[in-house]
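Please read it alongside the model.

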Amino acid sequence: MENNQTLSQQQKVGQLFFPAAFINDSDENIKTLERLIRECWIGGLTFFHSPQMAATNYEKRRDIPRNDESCQRLKELIQHYQSVANYPLLVSIDAEWGLAMRVENAEQYPYALSLGASQDPYLVFETGEAVAKDLKAVGIHLNLAPVLDINLDPANPVIGYRSFGQDKQRVAKLALAFYRGLRSVGILGCAKHFPGHGDTAVDSHLGLPVIRKSSKELFEQDLFPFVEAIELGIDCVMPGHLAVPALNEGQILPSSLSKSVVTGLLRDHLGYEGVVITDALNMKAVADRFEHPGELELAALDAGNDVLSFSSNIPAAIELISQRYPSEQLERSFTRVDQLKHKAGLFNSPPRKDRAASSSPQDPQTLREQLALSIITIVKKGTLISAGGSEKVACVSVYKPTKQAVFCKIISAFKSIPIYEMVQFSRGNGMILQESLGQYERIIIALYVPSVKPMNKFGMSQSFLDWLTVMMRKKRIDLVIFGNPYSLRHINFELAGQVILAYQDLKEFEKKAAEYLFGKVEVNGKLPVTIDETAAGEGQG
């Protein structure tokens, strides 16, 4: 599409709106979005899996529709919405670990916290590149990633595994390696959640986090990755829905709505000239702060944002903004958004690539295998297992059926090892299993941690944690953990013979963890966060 149209002021206002689009949606909602695109001249879309998985339902996801054809459906919808647009749409999605974050049967790559264990930025670059190729194939222009938050609070319910870790240098280095990978394919990236959402135990989808740090502490720590990203020329920055009184004259106001933060700090002090895009405006931290439709959107623009994401009442907001927002500021925001569309290649020109792509990119499976070797971390080193030895060994799969546990299948192929499972733990079945395992000298426990989030000890029951402590005191235990590294805080892991942290149950990670245990490969990961061993006592209740 050629960029030869002159837009009215109201149409330019429309260009600042990026409403939610759902891959799995009703025909009625699709027609409503078509009307918004045609009549309101909206500038872009942000895709989610379904209304049930949108921001307002973040912690109450029920009856989520499964569609194994979601990827093809996404591609078709993007083409359809572009066909009804008067002006090309910039299409975005959250793909922090690939399209799989929003789409079934799509390639999944490691979470940022898993990548944070790698000492190889080039592999992280290749991960960003691989994600970008998948996005480009379906028509996505902007990945709302990487997360630049430094995870400093182990109880953080919303960032946690989405952060590259707790060390500011490593977070900046790896997050920007991922971003460079995106740009090598021509996909845009977004630094979030400015000025840093990593040091809070409150989820901004559900409430307003307040970070009570001094300006000095923020500049020395939380802001560091964002400064690095701005110097690199990152395409977009997303302010977080969190209050930082030290940056806002002591006021408890969401940073996303703070002129002191968005204009004063991000624009004026740090010199950022790119597009500023709000986090979803239907999140509880900001959604209920204004009585009348459009006031929230006007406040977000007045703070210095350019793009309004997930607005609830676009026609009313456009009307109010057209009446009350200064034309000079509107023109600046419109120009930034339009320049971003040019950069994405939306006006009959190829997208600009800021970095060269890798000379010999790996297929997704090979890349994940290389990542596994780079990420898997030996928390406590012990003796490996000999396939031909006489030692009596058994394996237990915890919280995952053995038929789905790739790790257990592989080790049983290396050595004739009986496999037990404990999907639902109770004291009764724990006692029965303990008795069954009594005949073995060495027990491999493959712990598939139920949740990536810290609530309720990552989904591990206290009775299981007690049982595990008893077993480690009685038997030689090889503990292999497929889960968030912070889950170790609830386990007396120092009692185990060895501890292998494999982070995720991606099948390539399960394979390499099994191969390591039998001495077939070496792994090189380092913990991306500090595990406070004194907290392990929590596992005893």
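Asp 478 is buried, at 0% relative accessibility. The structure is a predicted model. The partner of Asp 478 is Arg 476, and their side chains form a salt bridge at 2.5 Å, N to O. Arg 476 is partly exposed, with a relative accessible area of 24%. Asp 478 falls in the buried class because the limit for that class is under 20%.

**Salt bridges**

How many salt bridges does a search of the whole structure find? The search finds 24.

| Pair | Distance, N to O |
|---|---|
| Asp 478 and Arg 476 | 2.5 Å |
| Arg 336 and Asp 306 | 2.8 Å |
| Asp 199 and Lys 213 | 3.0 Å |

Take Arg 336 and Asp 306, whose side chains meet at 2.8 Å. This pair links distant parts of the chain, 30 residues apart. Arg 336 belongs to helix α13, which covers residues 327-343. Asp 306 sits in the loop between α11 (295-303) and β9 (308-309). Is Arg 336 buried or exposed? Arg 336 is buried, with a relative accessible area of 18%. Asp 306 is buried too, and its relative accessibility is 0%.

Now Asp 199 and Lys 213, a salt bridge at 3.0 Å. The two residues are 14 residues apart. Asp 199 lies in the loop between β6 (188-194) and α7 (215-220). Lys 213 lies in the loop between β6 and α7 as well. Asp 199 is partly exposed at 26% relative accessibility, whereas Lys 213 is buried at 15%.

Salt bridges can also join into a network. Which residues are linked in this way? The members are Asp 94, Glu 96, Arg 102, Arg 162 and Lys 192.

Thr 46 is a residue of strand β3, which runs over residues 44-48. Thr 46 is buried, with a relative accessible area of 2%. That value puts Thr 46 in the buried class because the class takes residues under 20%.

What does Thr 46 touch, leaving aside its neighbours within four places in sequence? Its contacts include Phe 18, Pro 19, Ala 20 and Ala 21. Ser 92, Leu 144 and Ser 309 are also in contact with Thr 46.

**In brief**

Asp 478 and Asp 306 each have 0% relative accessibility. Each of these two aspartates meets an arginine side chain: Arg 476 for Asp 478, and Arg 336 for Asp 306.

Key. Residues numbered from 1 in each chain as written. Predicted model: local features only at pLDDT ≥ 70, side-chain atom pairs only at ≥ 80, totals over all residues. Heavy atoms only, no water. Helix = DSSP H or I, 4+ residues; strand = E, 2+ residues; numbered from the N terminus. Buried < 20%, exposed > 50% of the residue type's maximum accessible area, 1.4 Å probe, protein only. Contact = heavy atoms within 4.5 Å. Salt bridge = Lys/Arg side-chain N within 4 Å of Asp/Glu carboxyl O.
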